[in-house]
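Walk me through this model, residue by residue.

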Amino acid sequence: MRTAHASFDPSVATFIEFQSGEHDPVHFHCVLPISVREAVVEITRIVPGKVSNSEFSFEQAMSDYLRKVWGVSEFSLLSVERGSIPLGIRPSSSRGRHVRIGCPAGAVKATTGYGFTRILRQTQHIASTLASTGSPDAPRPSPRFRWYDRPVLKMWEHDPEHAVQFMKAAFTSGDADLVLDFLDERTTFAQERGLLGSMPVTMLLQPRLWI
């Protein structure tokens, strides 16, 4: 999108922001400035698969967000993309000479929906093992991260308002870079102990979030 006046700082990206003031239904925004007048704006909803987005206007949500948070009332859309990312998919086993990558291989992070750098690392690992051994080997993520993700996904499904509070608290409870590494599953267990100790994990201690 392009604004009528200088509105962005190209050196600053906005990640998972809930400051639109309109959380019914719950959604968040990400902003990647390309210049002072152009930016990629993403609006995301996390909903159960059976829920339709047909009654939710992403264009209206973006317009409200830009006006209330950025003070932008005049802008034009240069292009629009829409998509749905299935979350929490368990990786499928490779068969014969076929090696799965990306979403079918479980590379998309269940609690964020992001997968680009994870898929890149996955394919690099496959290419490296193929070159060195002649047999491609897909990396196997630690199962503890799925254990971490499960109650958060359940919270998004059953109580999205509390999920918003949890995400806000998680990013303000400690080192933001460490939180991002944790979401990208690049932390050690020792780092995770300290990080989880500073997060509001008591919000996740509900039976329905684990069943």
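I16 sits in strand 2, which spans residues 14–17. Strands here are DSSP E runs of at least two residues, helices are H or I runs of at least four, and both are numbered from the N terminus. The phi of I16 is near 50°, a positive value in a residue other than glycine. I16 is also buried, at a relative accessible area of 12%. Buried means under 20% relative accessible area, exposed means over 50%, and partly exposed lies in between (1.4 Å probe, protein chains only).

This is a predicted model: local features need pLDDT of at least 70, side-chain atom pairs count only at pLDDT 80 or more, and totals for chains, interfaces and linings use all residues. Residues are numbered from 1 along each chain as its sequence is written, and side-chain values use heavy atoms, with hydrogens and water left out.

Next, a loop. E185 lies between helix 5 (176–183) and helix 6 (189–198). Its phi is positive, about 60°, although E185 is not a glycine. E185 counts as buried, with 19% relative accessibility.

Now to a helix. Q122 belongs to helix 2, residues 116–133. Q122 is buried, at 6% relative accessibility. What does Q122 touch, leaving aside neighbours within four places in sequence? Its contacts (heavy atoms within 4.5 Å) are I101, G102, A105, A107 and P139. With G102 there is a polar pairing: a polar atom of the Q122 side chain lies 2.9 Å from the backbone nitrogen of G102. A polar contact is a pair of N or O atoms within 3.5 Å; within protein, one must be able to donate a hydrogen and the other to accept it, and residues adjacent in sequence count only if both atoms are side-chain atoms.
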